[in-house]
Amino acid sequence: MAKIYSLKRSENAWNLALRRLWRDPVGRFSLGVVMGYLVLVGMVLAGWLGARWNDPVAVNYAPPTWCASAANRVTRPAGEAWDRRSVIPLYGWTDPLEPIWSEARAAAQRIQPEPVSYRLTLFFGADKWGRDVGQKVLKGTQTSVWVGLVAAFVATFIGTVLGALAGYYGRWVDDLLNGFYGVLTSIPYLLLVFAVAAVFQQKGVGTLILILGLTGWTGVFRLVRAEYLKHRTREYVLAAGALGASHGRRVWVHILPNVSHVILVQFSQNLVGFIKSEVILSFLGFGVPVSSVSWGSMLNEAQNELILGKWWQLGVTTVAMAIFVTASSLLTDALRDALDPRLNS
Amino acid sequence: MSGLLFLVRRLGQALLTLLGVILLVFVLFNWVGGDPALILAGKMASAQDLANVRHQLGLDRPLWQQFLDFVGQVLRGDYGESWATHEPVSAIFRSRLGPSLTLLIPMLVLETLVAVAVALLVAALRGSWLDQGVRMVSTVAMSVSLLVYIIVGQYVFAYLWGWFPVKGWSDSVLTNLRVYALLPVLLGLFVSVAPSIRLYRSFILEEIDQDFVRTARAKGLSETRILFVHVLRNAAIPIVTNVLMGLPGLLTGAFLLERFFAIPGIGREIILAVERSDFPLIKAITVYVAMATLAVNLLGDLCYRWLDPRVRLE
């Protein structure tokens, strides 16, 4: 039998977008950089990298290797940290505290029986306590990017659900949610974040994610709501309704894939915004606790170090953050172009 | 829709939103925030101390009564005393407003002028190396945390080179403007100008492609006249709205500058209040700033209707 017609399956929209993104050199490059950071974050989370960020491995403020002399190690005798140079014996007096000090020295010998060797220089330098800035920046990158990612997931989820409900159902649902949106947006973003941070008494990565996620969903809400308003009267949705699809099915199965590109772009934009907010919060001491490290807490330490002329922690943190944020912003723009259905290639 | 009806409706909407803000702040601080008596009475407090503090703050009364109290406070503009310094909160707010405005008004004016000038230039030379260069530089500049600009700027210009005082503030507005606010304003300008340039460039480009520009060109008008008179006047509407809308954000946006340069403004006060868990102060500042935002938004809408006759017809 002769073939009368052939149905060619049209190309999947996501494949098309990915192909467009890949054809754009800026998109390809920024995607690569962002993926590289994500792999890094995964490796730190798995404990393969940056696990020893809290160990004092070098002398205080050990400079970066390329701007220091060749001698590379210094050995400190056992129990040295607790030793004391008393000035009193110089004058021929007996130190009244001597029994206490000798006891402390003996305890120190027990805790640190071997002489410890510290590095004089490190590739990225060391901080005030002799911790490796290279290890710290790995761990800090993981904390900041992880907080940004999870908070962006939370915010995108809340914004999408509320936006879909408001846009699709309209009427009082829309009035109520839109009113809530109006309330949240009438408080400037950082002030809102501060107010919520003041209310949550405990610090930590979880709290940070909660603060950023709960306050940052308004942008997603506005766009998703507008898209649902537009889509709910489109023919394909009406047809789905006529075929007996329930409201829930129409909202989540039929319309959602058609607005998912808006959501993806918003997610990527939120990621950058949240990372910047995390850095500010941690810098001010409202973010990660002292037992952890992030780009913001590193900048906080770096501020005091800079006055002493120790610039390396500031430099390394700034570069690590600038590369990621630039790549993410460029990727957001490239994604927007690649996913725009009006542009045909 | 007639102007008066529009005004009444928008006013009603703004008041309703303000009520929502008051409710949100109340829920956050009186319900989510847990028991403030635990913070206030200190770590060594006995059960009797806690009960006393609760009674003093009126926390032992039902929630709806506490809410009505808070609404009354907002209406009277009297938020009680700060938990940390025992000054009246409204007095703190009033005394911190001046320094913030001393910093913000020059920043806003300079930023608008610079951003509009650069945006006009790069929009007129669209696609040229200058346009591409400005876009590239502003993308990279925006990716460095503003903290870094402030830290490095203060260190290099004030501490190393001594061009400006490292920090400080005086009682005279003129001295402040001439001496102390200079470096913060310049740094704030540098940090905030890049996103504005990008935004204004897109506003201007939208107008440059319109038919009336082609007509003006066909009439033989010079390019500068087209750009400065025809294009700029039309692009001014979104620009003015944007400047107005950005005003309340600036009020808190400069808080990092205020902290670094020890300027006794509202932003620094917020950070202090969060550090000290000074709930009455945070509540008051949040409500005040929300009021300012709503007022400015209303003003922006009215401006928009007044400047753009097309909006009135809808």
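Colleague: What percentage of the 345 residues in chain A do buried residues make up?

Modeller: This is a predicted model, and the figure is computed from it. A residue counts as buried when its relative accessible area is under 20%. Of the 345 residues in chain A, the buried share is 47%.

Colleague: Which pattern does chain A follow along the sequence?

Modeller: Chain A holds twelve helices and two strands. Read in sequence order, these elements give α-α-β-α-β-α-α-α-α-α-α-α-α-α.

Colleague: Among contacts in chain A between residues at least 6 apart in sequence, what percentage join residues at least 24 apart?

Modeller: A contact here requires heavy atoms within 4.5 Å. Taking contacts in chain A between residues at least 6 apart in sequence, the share that joins residues at least 24 apart is 79%.

Colleague: How much area do chain A and chain B bury between them?

Modeller: The contact draws 35 residues from chain A and 43 residues from chain B. Carbon and sulfur atoms account for 82% of the buried area. The area buried between chain A and chain B is about 3,300 Å².

Colleague: Which residues in chain A lose the most area to chain B?

Modeller: On the side of chain A, which gives 35 residues to the contact, three residues lead in lost area. Together they make up 17% of what that side buries. They are A:Ser186, A:Leu191 and A:Val199.

Colleague: Which residue of chain B forms a salt bridge with A:Asp333?

Modeller: The count between the two chains is one salt bridge. A salt bridge needs a side-chain nitrogen of Lys or Arg within 4 Å of a carboxyl oxygen of Asp or Glu. The closest N and O atoms of this pair are 3.5 Å apart, so the distance falls within the 4 Å limit. The partner of A:Asp333 is B:Arg198.

Colleague: Is B:Trp163 buried or exposed?

Modeller: B:Trp163 is found in the loop between helix H7 (146-160) and helix H8 (173-180) of chain B. It belongs to a nonpolar surface patch of about 660 Å², along with residues including A:Ile307 and B:Tyr159. Because its relative accessibility is 56%, B:Trp163 counts as exposed.

Colleague: Which residues is B:Arg61 in contact with, leaving aside its neighbours within four places in sequence?

Modeller: B:Arg61 lies in the loop between helix H3 (47-57) and helix H4 (63-76) of chain B. Its relative accessible area is 32%, so B:Arg61 is partly exposed. With neighbours within four places left aside, its contacts are B:Gln66 and B:Asp69.

Terms used:
Residues are numbered from 1 along each chain as its sequence is written. Chains are lettered from A and ligands numbered from 1 in the order in which they are written. This is a predicted model: local features need pLDDT of at least 70, side-chain atom pairs count only at pLDDT 80 or more; totals for chains, interfaces and linings use all residues. Side-chain values use heavy atoms; hydrogens and water are left out. Patches are made of residues with over 30% relative accessible area and no salt bridge: like charges are joined within 9 Å, nonpolar side chains (Val, Leu, Ile, Met, Phe, Trp, Tyr) within 5 Å. Accessible areas come from the Shrake-Rupley method with a 1.4 Å probe; for residues, only the protein chains shown count as cover. Helices (H or I, at least four residues) and strands (E, at least two) are DSSP runs, numbered from the N terminus. Buried means under 20% relative accessible area, exposed over 50%, partly exposed in between (1.4 Å probe, protein chains only). Buried area is the accessible area (1.4 Å probe) that two parts lose on being put together, summed over both.
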